[in-house]
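Dear colleague,

Please find below the structure that I am handing over to you.

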Amino acid sequence: MKIRDAQVIVTSPGRNFATLKVTTDDGVTGLGDATVNGRELAVASYLRDHVVPLLIGRDPHRIEDTWQFLYKGAYWRRGPVTMAAIAAVDVALWDIKGKVAGLPLYQLLGGASRDGVLAYCHASGKDMPELFDSVQRHLALGYRAVRIQSAVPGLGKIYGVGDGVASGRYEPAFRGPLPAEETWDSRAYLRHIPGVFEKVRERFGAELPLLHDAHHRLTPVEAARLGKDLEPYDLFWLEDVTPAEDQDALRLVRQHTTTPLAIGEVFNSIWDCERLIRARLIDYIRTSAVHAGGITHLRRIFGLAELYGVKSGSHGPTDVSPVTMAAAVHLDLAIPNFGIQEHMRHEPIVDEVFPHAYRFADGYLHPGEASGLGVSIDEELAARYPYERAYLPVNRLTDGTAFDW
Ligand code: GCO
Ligand code: MG
């Protein structure tokens, strides 16, 4: 069997996605997600201009060899663009292997280790009534774990807070000529957030797993204080408390709080996670198939994490396409150290462009029994939504200093 063709499909059904479709000489197709939010065309070009010519004529079954060929052969290793491109190829080849075998991918990864994959949703509000409504709506949908984000008095629009109860949508990438700019004040945030969790616990009780994302914006000492202040509210995890590239920062946080820590959505490789995992500075590793080199590499990261009692918590916002969500859910079902899966629901039009077998019910995701990934792409529909430039917001402190978003 040989790869006959590979195409990059960029579509924007409400938000941008870059997808690789690999076709074999037998007519079997595989899909891989290559979306890097706000920089989609860079990965599309990396694939079209540099990777696709290398794929034609290769044996699609040689997944590990293709991964090593693209990683070592590039010489310029790691980085989000390279690793998303390699991920797209890798996931597409796993999809093909599953289809040829006639098995859902999780079966190729060792079979199910659980009946379903616990998912957490995103609740947010500009004030407490709106936040309560948002939590309530998600509980009504069946979610059993909820991420809580709240506006902060005195600050305008900030990361993670949706546009009202009516739609409840939160999509940070802004379509327009320039990025949106937000304003940030860590002291105001630190004063406000513990009270939010106190009220959520009062209203929804002690049992519901609650999560929170600080989105890389605190210093180690501020993060340590937040972790301590949130201890009474028993968080499932506190995410990205400090900028992810400063890994030693978490050492100080860890020394001061027993609130579980999660990090890693911006990591691209096992090398980015290795120190944090081996020093047991985190409880959950957040890498995703698309941004960390596909199933082949993500499996390796989770394997390392298992040795140190660190669990998985794959990134699953709306900017990872249904192709990555499917890859995540197959892997989540199979690995021994699964923790939780983020599930930010796509708009219905995205599910129409990418029909998929994975499903959500009663708080759990399941990849379904279709062979391979169980995701397809409606190319005619995708073509009706051409790429539109969109940027993630830029953050500034109240005095105008550029800051972590
Ligand atoms: C999360 C993330 C996302 C990111 C987004 C950026 O925990 O889901 O922080 O919301 O902001 O992926 O593109
Ligand atoms: Mg996050």
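In this predicted model, an oxygen atom of ligand 1 lies 2.7 Å from an N or O atom in the side chain of histidine 215, a polar contact being a pair of N or O atoms within 3.5 Å. Taken alone, ligand 1 exposes 340 Å², of which the protein buries 95% (Shrake-Rupley method, 1.4 Å probe).

The shell around ligand 1 holds 15 residues (a heavy atom within 4 Å of the ligand). Asn37, Tyr159, His215, Glu265 and Glu342 are the closest. By class, the shell comprises seven charged residues (Asp, Glu, Lys and Arg), four nonpolar ones (Ala, Val, Leu, Ile, Met, Phe, Trp, Tyr, Cys and Pro) and four polar ones (the others, Gly among them).

The protein chain is divided into domain 1 (3-104) and domain 2 (108-370), with bounds from an automatic or database domain assignment. Their C-alpha centres lie 26 Å apart. Across the two, 33 residues of domain 1 contact 35 residues of domain 2 (heavy atoms within 4.5 Å).

Residues are numbered from 1 along each chain as its sequence is written, chains are lettered from A and ligands numbered from 1 in the order in which they are written. For this predicted model, local features need pLDDT of at least 70, side-chain atom pairs count only at pLDDT 80 or more, and totals for chains, interfaces and linings use all residues, while side-chain values use heavy atoms, with hydrogens and water left out.

With kind regards

Definitions and conventions: A polar contact is a pair of N or O atoms within 3.5 Å; within protein, one must be able to donate a hydrogen and the other to accept it, and residues adjacent in sequence count only if both atoms are side-chain atoms.
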